[in-house]
Amino acid sequence: MNSFFTLSLGKDINLIAEDEKIILQSNALKLSFSASQLRIKTAFNHLKNYPKTFSELQELVKEKNGQEAVEKFTSYIEKLTYLGWICHSVFPLATAIPMTGDYQFSCPEIDWQQQTFTLSRFAYLHQIEGQMLLESPRSKAKIILLDWRATALIGKLSQPQSCASLAEEIPDLTEELTQQFISLLLATKMLSLEAENTHLIKWEFHDLLFHSRSRKGRHSNPVGGTYRFLEKMEPLPVVKPPMSEQVIQLYKPNLEELAKTDISLTQVLESRRSIREYNENPITVEQLGELLYRCARIKEVIDLKEKVQVSRRPYPGGGAIYELEIYPAINYCQGLEAALYHYRPDAHELELVTQWNQGIETLFTDAYNASAQHGMPQILLIITARFGRFFWKYQSMAYAAILKHVGVMYQTLYLVTTAMKLAPCALGSGNSDIFAKATGIDYYEESSVGEFMLGAIL
Ligand SMILES: Cc1cc2nc3c(=O)[nH]c(=O)nc-3n(C[C@H](O)[C@H](O)[C@H](O)COP(=O)(O)O)c2cc1C
């Protein structure tokens, strides 16, 4: 560990001093350190209340309690660093706050005359609660930039910089302080010193950020069903409130009859294909009704008392929350006018959302292009998420889980369309902004997250 970093205990670590020991306590863990030597106790007190550099702390311990005590204290610091309980600062510029345990804080040997430095393409700056934060999905720490000069240095690091060129034009910045700041960035993987390996090079910035923040391991945010809005906001209702007075009752299939006549599961799985060419005799409104009933209707609403209403549907969904909605966009369907509808899963009916418009036309053209221009789909099932319904309960992994639900719904649609001898094809890209414009639905409230093409089989 570099001795010039100023060390401090993380804000959420409590220190209790007892006769011959120091107790440190986080939300999850309590540790006791023997501190019979008075100066070790004093050094712990500095860590909590009056941070000093590592070398100053070592000196302080050595002066009165000798080398053995220094070694003991150093091993304590190593353990605390590994736990992610120690913040490292280069004053007055920046503080690195670890976000996880299993944390190494070390930077390589540097030839300060020769080496140039560039910011990693994964590092990003953003403002949180009035502070400028530097973060990266490659790092297990976040860095608070305490001074505008630190922000200026980050700006300059978009281009390769030597230590000397980096300090140029920025007032009151010695080369020594610049080196220390660079060391802090190196120890937290904010700089790219060498070419990315063949695995990392394939990652896009947004994908790595999403991956690392929606899984555990590289951040300290709560994950899972935390109900963070429980006392603050009502959950969105289990069924979306009516969107229109113009409704069309859909055909309900007889499931008992279907169970006798359906092809087997093995036949469905073995014959399922993505089909992008369509019969000129179009899909019918009865077939659409049967498909939606078998895949997406509400079978039962369940009251989870003080928390939230959930439901049972044919496909599985995290927490039985069911945030996905289906908007059938109709191009060519026997018995239904071309328009955009919303499927009400409780009443099993379609609500007219909007007549055919330019936006819907574009969504169909996009789908046609995404499927290599084989044939214009007769129906485009646009799948949206009512984000707030899912975000109300889940945190960190919520958006990732929503995308998993889209996959679950895709497969359910594939299986049932195959059994019904329709032409199905999932799509991997879509335009949420055009959907928002075509429908007038607020992008942040509910956006399209998937599209599924449908038609009559040739
Ligand atoms: C999530 C997902 C996204 C897809 N995106 C597209 C797409 O954008 N365009 C397309 O023509 N097919 C798309 N497909 C269909 C795949 O190309 C198809 O499943 C794959 O080629 C295997 O063929 P099969 O489904 O006939 O077995 C997608 C499938 C899935 C599951």
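Helices here (H or I, at least four residues) and strands (E, at least two) are DSSP runs, numbered from the N terminus. With that settled, His126 lies in strand E9, residues 124–128.

Two notes on the source. This is a predicted model, where local features need pLDDT of at least 70 and side-chain atom pairs count only at pLDDT 80 or more, while totals for chains, interfaces and linings use all residues. Residues are numbered from 1 along each chain as its sequence is written, and side-chain values use heavy atoms, with hydrogens and water left out.

Back to His126. Is His126 buried, exposed or in between? Its relative accessibility is 25%, so His126 counts as partly exposed. The scale is this: buried is under 20% relative accessible area, exposed is over 50%, and partly exposed is in between, with a 1.4 Å probe and protein chains only. What does His126 touch, leaving aside its neighbours within four places in sequence? The contacts are Gln131, Met132, Leu133 and Glu135. Contact means heavy atoms within 4.5 Å. Glu451 is another matter. His126 and Glu451 are 325 residues apart in sequence, and their C-alpha atoms are 33 Å apart in space.

Next, helix packing. Axes are lines fitted to C-alpha atoms, for helices over the stretch in contact, and angles run from 0 to 180 degrees between N-to-C directions. Take helix H1 (residues 38–49) and helix H2 (residues 54–83). Their axes come within 9 Å and cross at roughly 55°. H1 and H2 are therefore oblique to each other. For the classes: under 35 degrees is roughly parallel, over 145 roughly antiparallel, 65 to 115 roughly perpendicular, and the rest oblique. The H1 and H2 crossing is right-handed. Handedness works like this: left-handed if the near helix is turned anticlockwise from the far one by less than a right angle, right-handed if clockwise.

Look at the residues. On the H1 side, they include Leu38, Ile40, Phe44 and Leu47. On the H2 side, they include Leu57, Leu60, Phe73 and Tyr76. By class, the contact of H1 with H2 has 13 nonpolar, three polar and four charged residues. Ala, Val, Leu, Ile, Met, Phe, Trp, Tyr, Cys and Pro count as nonpolar, Asp, Glu, Lys and Arg as charged, and the others, Gly among them, as polar.

H10 (residues 358–370) packs on H13 (residues 432–439) at about 150°, axes 8 Å apart. H10 and H13 are therefore roughly antiparallel. H10 passes H13 in a left-handed crossing. Gly359, Ile360, Thr362 and Leu363 come from H10, and they meet Ile434, Phe435 and Ala438 from H13. That contact divides into five nonpolar, two polar and no charged residues.

A pair of aromatic rings is described by the distance of the centres and the angle of the planes. Rings of Phe, Tyr and Trp (its six-membered ring) pair if their centres lie within 6.5 Å; planes under 30 degrees apart are stacked, over 60 edge-to-face, and the rest tilted. How many aromatic pairs does the structure hold? There are 20.

One of them is Tyr227 with Trp392. Centres are 5.7 Å apart and planes at 90°, so the pair is edge-to-face. The pair links distant parts of the chain, 165 residues apart. Tyr227 sits in the loop between strands E13 (224–225) and E14 (247–249), Trp392 in the loop between helix H11 (387–391) and strand E21 (394–395). Tyr227 is buried at 17% relative accessible area. Trp392 is buried at 3%.

Then Tyr327 and Phe435. Centres are 5.2 Å apart, planes at 75°, so this pair is edge-to-face. Tyr327 lies in strand E17 (residues 324–330) and Phe435 in H13, so the pair ties together parts 108 residues apart in sequence. Tyr327 is buried at 0%. Phe435 is buried at 1%. There is also a cluster: Phe4, Phe5, Tyr103 and Phe105.

Last, the backbone. Phe91 and Pro92 are joined by a cis peptide bond, omega about 10°. Pro92 lies in the loop between strands E6 (86–90) and E7 (94–98).

Glu169 is not a glycine, yet its phi is positive, about 70°. Glu169 is in the loop between helices H4 (163–167) and H5 (175–187). At 75% relative accessibility, Glu169 counts as exposed.

His348 is not a glycine either, and its phi is positive, about 55°. His348 is in the loop between strands E18 (339–344) and E19 (349–355). His348 is buried, with a relative accessible area of 2%.
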